[in-house]
Amino acid sequence: QVQLVESGGGLVQAGGSLRLSCAASGRTFSSYTTGWFRQAPGKEREFVGVISWSGSNTYYADSVKGRFTISRDNAKNTVYLQMNSLKPEDTAIYYCAVQETNSGKYSSWGQGTQVTVSS
């Protein structure tokens with residue numbers, strides 16, 4: 001079982017940057033595709049982006065493409081979400097999760113980290 005802990009959130013002005021971290025426990029973390037999601041107040045959780053287990057492949061939602069970058073350091077059991085050119089609509093709680101190999105579903109959700117972008 002992988003356990004994930006997100007960190008790095010905070011308050012930033014529009015146009016600013018933040019880097020979120022998703023730290024994992026468990027030796028098998030490096031074998032999992034890992035995704036980032038977010039949930040704004042009153043809205044459903046939405047997909048932000050995903051990175052393959054090796055880090056060689058990434059995919060982003062259109063809303064963040066060109067502004068957000070996902071990377072990982074498997075030696076540190078950590079996945080990162082670099083967020084640039086932040087907009088007020090990026091305000092949300094950000095979560096990471098691993099994708100189960102067999103089902104394709106995401107699991108082992110962290111507790112989330114709050115990102116607030118002021119205009």
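Two strands pair if DSSP finds at least two bridges between them. Strands here are DSSP runs (E, at least two residues), numbered from the N terminus. By that rule, S7 and S8 pair in the antiparallel sense over six bridges. This is a predicted model: local features need pLDDT of at least 70, side-chain atom pairs count only at pLDDT 80 or more, and totals for chains, interfaces and linings use all residues. Residues are numbered from 1 along each chain as its sequence is written, and side-chain values use heavy atoms, without hydrogens and water.

**Sheet**
- An open sheet is formed by four strands, ordered S1-S3-S8-S7, with antiparallel pairing.
- Strand S1 (3–7) and S7 are the edge strands, each pairing on one side only.
- On average, neighbouring strands of this sheet are turned by 15° against each other, direction ignored (axes are lines fitted to C-alpha atoms).

- Buried means under 20% relative accessible area, exposed over 50%, and partly exposed in between (1.4 Å probe, protein chains only).
- Met83 in S8 is the bridge partner of Phe68.
- Beyond four places in sequence, Phe68 has contacts (heavy atoms within 4.5 Å) that include Val48, Tyr60, Leu81 and Tyr94.

**Arg45**
- Arg45 sits in the loop between strand S4 (34–39) and S5.
- Arg45 counts as partly exposed because its relative accessibility is 42%.
- Among the residues Arg45 touches are Phe37, Tyr95 and Trp109.

Notes: Axes are lines fitted to C-alpha atoms, for helices over the stretch in contact, and angles run from 0 to 180 degrees between N-to-C directions.
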